[in-house]
Amino acid sequence: MTAIGSGFVAFSITDSTPSSGREQLRQRLHGLVSVPLRPWSTGFSAHVEKNLPVQEAETRQERGAVAMSMQQTPGCVQPPDLFVRTRTAVITLDADGRVVTWAPEAAEWLGFAAVDAIGMPVASLLAEEGDDTALASRFQEEAGRAVRATLHRQDGSAVDAWVRFDQIRLSAGEAPFWLVTMTGLDSARYADMGSALLEAMFGNARTGLIIYDSDLRVVFANPALQRWPQISGEQLVGRSFADFLEGAQAAAYERGLRYVLKTGRPIIGAQWCNSDSASAIYGNCWADSFFRLEDPSKESIGVADVMFDTSESTRSRGRRSLMSRAIKRIGASLDVDQTAAEFCDTLVPQVADYVTVDVLEPPGRELKAYAIEPNTPMRRVAARSVHRLLTAEIPPEGAVVWPPESPQIDAMYEERPVVIRQLSESSEWYATDPVWVCELLDLGVHSAMAVPIRTPEVVIGVATLLRWRKPIPFETDDARLVEELACRAALSIDNARRYDIKNRIALTLQKRLLPQCIKMHSAVEVAYRYLPADDSVGVGGDWFDVIPLPNHRVALVVGDVTGHGIHAAAAMGRLRATICTLAALDMPPDELLFQADRVTRHLGEGADDVEDPAATSETCSWGALGATCLYIVYDPTVRRCTIACAGHPAPVFIHPTGHVEIPQLSASPPLGMNLLGLSSPAADMELQPGTSLVLFSDGLIERRDRDIESGVDFLRSSLHNAQASPDRLCDLILRTMVGSAGPVTDDVTVLIARIRATSEPR
């Protein structure tokens with residue numbers, strides 16, 4: 001008899017036992033069945049092999065031979081260190097209460113040798129008063145239960161132990177035998193600790209245990225695996241790992257098992273997920289640790305796989321990673337449609353399989369905080385889908401109207417996400433559009449969510465999310481994640497909308513402040529083009545003018561106020577009026593720009609004294625930013641051109657011969673920046689009739705990938721031998737210099753004047 005594992009006992013007969021004793025033992029214990037060993041310790045039981053007999057009348061020598069022959073059963077797995085300290089002994093008694101078998105553990109523990117203990121009445125071992133009849137009566141009363149008792153040792157000392165009596169009746173009419181299990185109190189405590197440890201490690205829903213034999217077939221699987229969605233809930237014993245893993249995962253899993261089985265080296269923390277990389281947010285993941293199991297001879301007998309469910313931590317890391325990417329991606333531009341599209345691209349397919357974004361379109365495009373009304377008109381600005389049958393198409397003109405009972409209206413009205421875990425059970429969603437919901441269910445859509453897109457002040461719109469490829473429904477964590485992304489997108493959409501409104505106002509203002517039409521002039525033939533900057537940049541402060549002067553002369557003006565937006569447009573209007581007023585005084589060009597500089601600095605100082613709480617980086621402060629200006633006066637009677645410049649690019653002359661010339665002008669600071677009060681001399685040139693003067697702003701020649709000098713050289717080469725009319729020259733210049741180079745980052749102004757000669761006296 002021996003202890004197997006951590007609480008199993010068995011009787012065995014070895015070759016060293018006399019043959020007559022073995023045969024007699026088989027005859028007496030034939031048909032012996034399993035009996036519980038320690039019912040107070042969960043999961044432990046004792047098994048007594050059926051082929052171990054006992055004879056009714058045995059000699060003392062035969063009993064001793066049988067007792068001394070009890071050795072550890074070959075092939076038993078050694079217990080873990082925690083159970084090495086377990087002290088348990090099992091003996092058998094005949095019907096008279098005398099010892100029949102005496103285990104080596106009992107000899108080691110109590111000090112009685114087997115030859116002395118066999119035949120001893122059990123009363124001599126128990127510190128109990130009473131004769132054998134009284135003890136036999138107690139055996140009957142306490143049968144099947146563990147009781148606390150005091151045992152005598154050979155040296156006269158006593159030891160407390162748990163003692164259990166189990167009656168064994170070999171056949172009807174036969175006298176019963178007793179199986180007595182004795183366990184030290186300290187040993188029982190250690191055994192219970194071991195049992196509790198195993199239960200804590202492998203009995204909960206987070207930790208799974210699979211034991212494979214040497215053929216990699218399951219011989220044990222704890223109940224925790226049945227609660228894992230990635231492992232089949234069916235009985236795993238006898239099955240292969242390929243029954244719950246497939247494809248590349250199965251191949252990698254098998255390599256790991258065979259590596260550990262062959263080398264004995266454990267693999268710790270191998271990570272697995274049950275689907276693609278996107279499952280980091282919604283899938284099920286776990287970590288495996290493989291250990292080889294060995295018998296006492298160190299031969300491998302199997303592999304243990306300890307599995308930890310890491311789904312929650314993996315999902316948390318996936319959400320943080322998604323949020324980090326979204327911060328860099330969403331709101332990179334001041335465009336409502338693009339921001340909404342970036343929001344959808346972030347969620348599909350990582351979080352949802354279908355996402356739409358609908359925004360409110362109130363009259364005047366100014367969004368204010370107000371109660372969401374039923375049948376509120378909305379515009380669908382973005383949609384994404386992974387299913388070809390459920391295409392993410394934007395309806396004509398983006399018109400969308402959600403009915404009053406829809407989850408979308410509820411989400412906007414209550415300013416919180418509305419999660420539909422099971423779409424088939426949602427009466428609210430079904431009432432929205434029964435036909436559409438039935439189509440969704442036919443496609444396999446099982447979960448939905450409506451999330452408001454809102455800022456702290458106002459609701460902007462709503463996002464609708466559907467899920468069908470992902471097996472689990474939307475959860476609270478999904479709602480929190482999407483809501484946070486929606487709030488970030490809402491701020492960007494709101495900024496883009498406000499910027500769009502401001503840009504429209506600025507563009508309207510600038511168009512009103514620019515010349516609406518230019519009257520025909522006898523001295524020049526004029527054409528012009530104005531191209532505002534891209535909406536993401538905002539309208540700038542470019543302007544141009546053709547001002548008639550006395551004696552058939554004409555003034556050509558192109559200027560650029562630094563900055564963008566409403567303030568730049570307003571500053572441009574004031575500066576244009578200043579130039580027109582000074583031109584009416586018939587000042588020489590250099591004197592006119594000198595006076596314009598003084599007026600600009602004066603207006604800038606006044607603007608700096610005004611505190612504007614709504615001012616942003618687009619605000620144009622004249623004293624700090626300034627403006628450039630090119631002022632040319634042409635006198636047709638003498639065919640002379642006088643040019644004054646304040647920090648502006650020089651004009652380009654296209655002579656009748658096709659030769660292109662750029663005059664050399666004196667360097668001068670922009671208007672408002674001439675703090676030393678220096679006056680730059682004007683350039684005076686004589687031009688032949690038919691010469692074209694090309695005036696332009698720096699937006700024509702400067703780009704992010706091209707500096708001003710390179711732009712001027714490119715413009716010069718493109719105008720060589722250009723003899724077209726001013727109107728066609730304008731189109732040629734824009735087509736060549738701007739073309740399809742992408743968004744215009746600055747206003748582009750082109751003014752072309754072809755000079756004429758006149759014989760009238762001055």
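These notebook entries record what I looked up in one predicted protein model.

**Entry 1. Conventions**

I worked with a predicted model, in which local features need pLDDT of at least 70 and side-chain atom pairs count only at pLDDT 80 or more, while totals for chains, interfaces and linings use all residues. Residues are numbered from 1 along each chain as its sequence is written, and side-chain values use heavy atoms, with hydrogens and water left out.

**Entry 2. The chain as a whole**

I looked up the secondary structure and found 20 helices and 28 strands in the protein chain. Helices (H or I, at least four residues) and strands (E, at least two) are DSSP runs, numbered from the N terminus. Of the 762 residues in the chain, 48% are buried. Buried stands for under 20% relative accessible area, exposed for over 50%, and partly exposed for values in between, with a 1.4 Å probe and protein chains only. I then turned to contacts, defined as heavy atoms within 4.5 Å. Among contacts between residues at least 6 apart in sequence, 64% join residues at least 24 apart.

**Entry 3. Nonpolar cores**

A nonpolar core is a set of buried Ala, Val, Leu, Ile, Met, Phe, Trp, Tyr and Cys residues joined through side-chain atoms within 4.5 Å. I found that the largest such core has 45 residues, and that W543, L556, I579, Y631, I632, L693 and L695 have the most contacts inside it. Strand β22 (residues 627-635) gives the most to this core, with seven residues. A second, separate core has 35 residues, including V359, A382, F474 and I493. In soluble globular proteins, nonpolar side chains tend to be buried together.

**Entry 4. The sheet around β13**

I traced an open sheet of six strands in the order β15-β14-β13-β18-β17-β16, with antiparallel pairing. Because β15 (399-400) and β16 (418-420) stand at the edges with a single partner strand each, one side of each has no neighbour in the sheet. Two strands pair if DSSP finds at least two bridges between them. Strand β14 (residues 378-385) and β15 are joined by two bridges in the antiparallel sense, and M378 has V400 in β15 as its bridge partner.

Strand β13 (residues 354-360) is largely enclosed by the rest of the structure, because seven of its seven residues are buried. Y354, T356, D358 and L360 lie on one side of β13, and V355, V357 and V359 on the other. Between β13 and β14 I found seven bridges, in antiparallel sense, with L360 opposite M378. Six bridges pair β13 with strand β18 (residues 459-467), again antiparallel, and V357 stands opposite A463 in β18.

**Entry 5. Strand β7**

Is strand β7 (residues 177-184) mostly covered or mostly uncovered? I found it mostly covered, with eight of its eight residues buried. F177, L179, T181 and T183 point one way from β7, and W178, V180, M182 and G184 point the other way. Strand β3 (residues 88-93) runs antiparallel to β7 and is joined to it by six bridges; V90 stands opposite T181. Strand β6 (residues 158-168) also pairs with β7 in the antiparallel sense, over eight bridges, and V163 stands opposite M182.

**Entry 6. Two helices**

Helix α10 (residues 311-329) has 19 residues and reaches 26 Å from its first C-alpha to its last, close to the 27 Å expected at 1.5 Å a residue. The expected span is 1.5 Å times one less than the number of residues. Its buried residues are S311, T314, R315, G318, R319, L322, M323 and A326. An α-helix has 3.6 residues a turn, so residues three or four places apart point the same way. Just after α10, G331 takes a positive phi of about 85°.

In helix α16 (residues 566-584) I looked up A570, which is partly exposed at 31% relative accessible area. A570 and A506 are 64 residues apart in sequence, yet their C-alpha atoms are 8.2 Å apart in space.

**Entry 7. T749 and the cysteines**

T749 belongs to strand β28 (residues 748-755) and is buried, with a relative accessible area of 0%. Leaving aside neighbours within four places in sequence, T749 is in contact with R529, Y530, D542, W543, F544, L695, F696 and S697.

I searched the whole structure for disulfides, meaning pairs of cysteine sulfur atoms within 2.5 Å, and found zero. C438 is partly exposed at 33% relative accessible area, whereas C730 is buried at 0%.
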